[in-house]
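Hello,

Here is the structure you are taking over. My notes follow below it.

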Amino acid sequence: MFTKLLSKPIFRLSVVILVNENILRATPVLAKDVKPRNFARWSARKPSKVFTTDEISSAGVDTDEFFKSEFGNTDNQDKDSSQQHKGGLDKGADKNPKKGFEKVKEKQLYPPWKTVHSAEGTDYVVLEEHDFTFSKMMTHVGNRNMRRKHDLMMLEGKRLNNDALKAGLVPKKIFFTQKNYLQELNLPSGLNIPLFKLPYKTVKLWSKLDMPPGIIGFYGIPKEEDINTSDTIPVKVLCDNVRDPGNMGSIIRVAASVGCTQVILMKGCTDPWDSKVLRSAAGGHFHIPILMDMTWKEKEEFLHPSDLVFLADSNTEQKHPAGGKLPHHMYYDVDYASNSSIVVVIGGETEGLSYDAFSLAAHHKGSRVSIPMSNCVESLNSGCALSVILFEIKKQFLTGMTNRITGQMIESEEEMGDPEESRSSRSIG
């Protein structure tokens, strides 16, 4: 019978009214002249009443007295805390302003509640298992937007960190699991770099690797002016629809090893500062400037009118009608060294080259180059195909430079001595 009563809406409504009346009687101070407003029953929280500022003032209720009766007098607590804070400042004050500045700087480096240890003159902090210092840094590099907002990248492993330090990057924070890992890093002297020792289980919880290394460094993203571009050839690499992190890392690594002047990423490519891209590039990010999220309308910013564009296209027949019919060559049949500046466009494995890339090549008198393959293999990995083309370009530039140097030496020898003697000596050699 009680179950039948509960199924009726009128009975349930009467129960709600009784409950609200009992709550109302429990707070007679506020319920004196104010009527409560009930919320809908499907709301997440079901307070019995809500009072606005106007209702409380119209009822003539003293809010200070009410909160004192409910939560106690908090004035004494505030006074005690303020006096303690003031006393601590007076006690910690120093007459020497320079020493005071050094103390504040030390507190910014290591919070006062952390335990600082020392290993061979290097201070570090031991983090507990549930400390949020490491998780906060990992959150800042969790996605593309957060990395750009905080201007931060994360490097895992001893090799990547040493490559960054060798390139002149200064880490913002370094986390490690064993003390001997610090000895394997070539940390710059004279810089106060925050070092933190944390449990290995914490690193394994956040890392995307199956066997994560025990050392992780956080650095600022290097700027174009901070990268040394002295040993280069006049070649730029333009990535179109490259969305695989492994391919992007291989492209950056090859471009840096060849000595290209720049890597240009069009909008839609994967983030080059992702952890997987950084691992695949093996330190190539620190030796070549990278332009991100460029659009085809902004081609004047990264392309010169005299640049010659070559499309790395595996199709022998052009399937994109954009820009008309482009000439096609094998990669070894092109004279690259005769051009002042070259732009090589590489596409993704799935999407391939876009129509805009073909239009760009048509407007710059470009052509398509491909790599001959056997055994019915359709195409190569983007990074692998780019490496074949770029090293051919570098070989031609180096050969042309060698020929020019040899010609200059011959001319100087002919001017200094007898031409017949110089020719005979060269034939004997």
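Cysteine 269 is buried, at 4% relative accessible area (buried is under 20%, exposed over 50%, partly exposed in between; 1.4 Å probe, protein chains only).

Two points on the source. This is a predicted model: local features need pLDDT of at least 70, side-chain atom pairs count only at pLDDT 80 or more, and totals for chains, interfaces and linings use all residues. Residues are numbered from 1 along each chain as its sequence is written, and side-chain values use heavy atoms, with hydrogens and water left out.

Next, serine 370. Serine 370 is buried, with a relative accessible area of 4%. Its side chain makes a polar contact of 2.8 Å with that of histidine 328 (N or O atoms within 3.5 Å; within protein, one must be able to donate a hydrogen and the other to accept it, and residues adjacent in sequence count only if both atoms are side-chain atoms).

Now the aromatics. The whole structure has seven aromatic pairs (Phe, Tyr and Trp rings, six-membered for Trp, with centres within 6.5 Å; planes under 30 degrees apart are stacked, over 60 edge-to-face, the rest tilted). Phenylalanine 175 and phenylalanine 218 pair edge-to-face, at 5.7 Å between centres and 85° between planes. Both phenylalanine 175 and phenylalanine 218 are buried. Phe134, Phe175, Phe196 and Phe218 form one aromatic cluster.

Best wishes
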